[in-house]
Amino acid sequence: MVEEKAPKRVTTRSLQRRRDTGDSISMLTAYDFPTARLLDQAGIDVLLVGDSLAMVVQGHETTLPVTMDQMIYHAEMVGRATSRAMVVVDLPFPDGQLEVERSIRCGARVLKETRCHAVKLEGGAEQASRIEAMVTAGIPVMAHVGLRPQNVFVQGGYQVQRDEAALVKDAVAAEQAGAFAVLIECVPESVAEAIHAAVSVPTIGIGAGRATTGQVLVTHDLIGLTSGYTPKFVRTYASVGETIRDAASSFHQAVRDGSFPGPEETFD
């Protein structure tokens, strides 16, 4: 009997090879063990334990309320579930904005307390010294430019970001500081193309068109498990929300009419 080999883990180096060879990268969010295990088995390259959990799991209006302890709690579950995917964890607000030492400590917690492999940090040029310090400390960093949800009140809402010169500057500064990849959120396709051309590291787009190395979506949007609003850049591949509601309704009715449990669900 031939023993199956464990799948090879996706790393910063293998992602860079994807960029260099023109191969694409798939990335989805995950916040719990069973979802992360399924996404890993599906072959998704990178899982993001995003601070978006504040909105899609906790029900908040922004990503701001989620705490570092909560991020660690969810990241530990996701890290345990994967054998192939690289797992990246968001640094939540304000741990990515206060003193650099605090960010290093939070990044170190991710590597020490979970089985995850890197952090994502919102910001570009103004975050260069923080990115450099974290990478120097041994913490891989994915930068995040364009629409930055932690900056929602400064940016005046969730709007498409169009300042090409500033966004290219942000991405270049992040790469020069040591970021292994740049996530680009909610920009015109032409701007994403300019950013991609200006850096040599992998670029991951969300609402950034087709020019990037890879694409990321929030899994809840992908599978139709949302509170109702679906962004323009999302393609929904399933209607899990409807399936759950229908299943719960059928259970409720079966309990009410006495058909559950039946003989097959009852011990003698």
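Mentor: Helices (H or I, at least four residues) and strands (E, at least two) are DSSP runs, numbered from the N terminus. In this protein chain they come to 11 helices and eight strands. The model is predicted, so local features need pLDDT of at least 70, side-chain atom pairs count only at pLDDT 80 or more, and totals for chains, interfaces and linings use all residues. Residues are numbered from 1 along each chain as its sequence is written, and side-chain values use heavy atoms, with hydrogens and water left out.

Trainee: Where is glycine 50 found?

Mentor: Glycine 50 is in the loop between strand 2 and helix 3. Serine 52 is found in that loop as well, and so is aspartate 51, with strand 2 spanning 46–49 and helix 3 spanning 53–56.

Trainee: Is glycine 50 buried or exposed?

Mentor: Buried means under 20% relative accessible area, exposed means over 50%, and partly exposed lies in between (1.4 Å probe, protein chains only). Glycine 50 has a relative accessible area of 0%, so glycine 50 is buried. Aspartate 51 is buried too, at 4%, and serine 52 is buried at 14%. Over the protein chain, buried residues make up 47% of the 268 residues.

Trainee: Which residues is glycine 50 in contact with, leaving aside its neighbours within four places in sequence?

Mentor: Contact means heavy atoms within 4.5 Å. With those neighbours set aside, glycine 50 is in contact with Tyr31, Met71 and Asp90. For serine 52 the contacts are Thr29, Tyr31, Thr63 and Val218. For the protein chain, among contacts between residues at least 6 apart in sequence, 59% join residues at least 24 apart.

Trainee: Where does UniProt place the feature "binding site"?

Mentor: UniProt positions are given in the numbering used here, with feature names shortened, and annotations may be inferred rather than shown by experiment. The unreviewed UniProt entry places one "binding site" feature at Asp51, Asp90 and Glu122. These residues are spread over 72 residues of sequence, yet they cluster in space, with a largest C-alpha distance of 10.9 Å. The lining of the largest pocket takes in Asp51, Asp90 and Glu122. On a 1 Å grid over the protein atoms alone, a pocket is an open set of points with protein on both sides within 12 Å along at least five of seven lines, where a 1.4 Å probe fits; lining residues have an atom within 4 Å of a point.

The same annotation from the unreviewed UniProt entry also covers Asp51, Ser52, Asp90 and Lys120. That set is spread over 70 residues of sequence and clusters in space, the largest C-alpha distance being 12.3 Å. The lining of the largest pocket includes Asp51, Ser52, Asp90 and Lys120.

Trainee: Where is glutamate 122 found?

Mentor: Glutamate 122 is in strand 4, residues 118–122. Glutamate 122 counts as buried because its relative accessibility is 5%. Not counting residues up to four places away in sequence, glutamate 122 touches Asp51, Gln127, His144, Arg148, Pro149, Gln150 and Asn151.

Trainee: Which residues are buried in helix 8?

Mentor: An α-helix has 3.6 residues a turn, so residues three or four places apart point the same way. In helix 8 the buried residues are Leu167, Val168, Asp170, Ala171, Ala173, Ala174 and Ala177. Their cover includes helix 6 (128–136), strand 5 (141–146), strand 6 (181–185) and helix 9 (189–198). After helix 8 comes glycine 178, whose phi is positive, near 115°.

Trainee: What radius of gyration does the protein chain have?

Mentor: The radius of gyration is taken over C-alpha atoms, and the globule rule is 2.2 Å times the number of residues to the power 0.38. For 268 residues a compact globule would have a radius near 18 Å; the protein chain has 20 Å, which agrees. Along the principal axes, the C-alpha atoms fill a box of roughly 70 × 55 × 35 Å.
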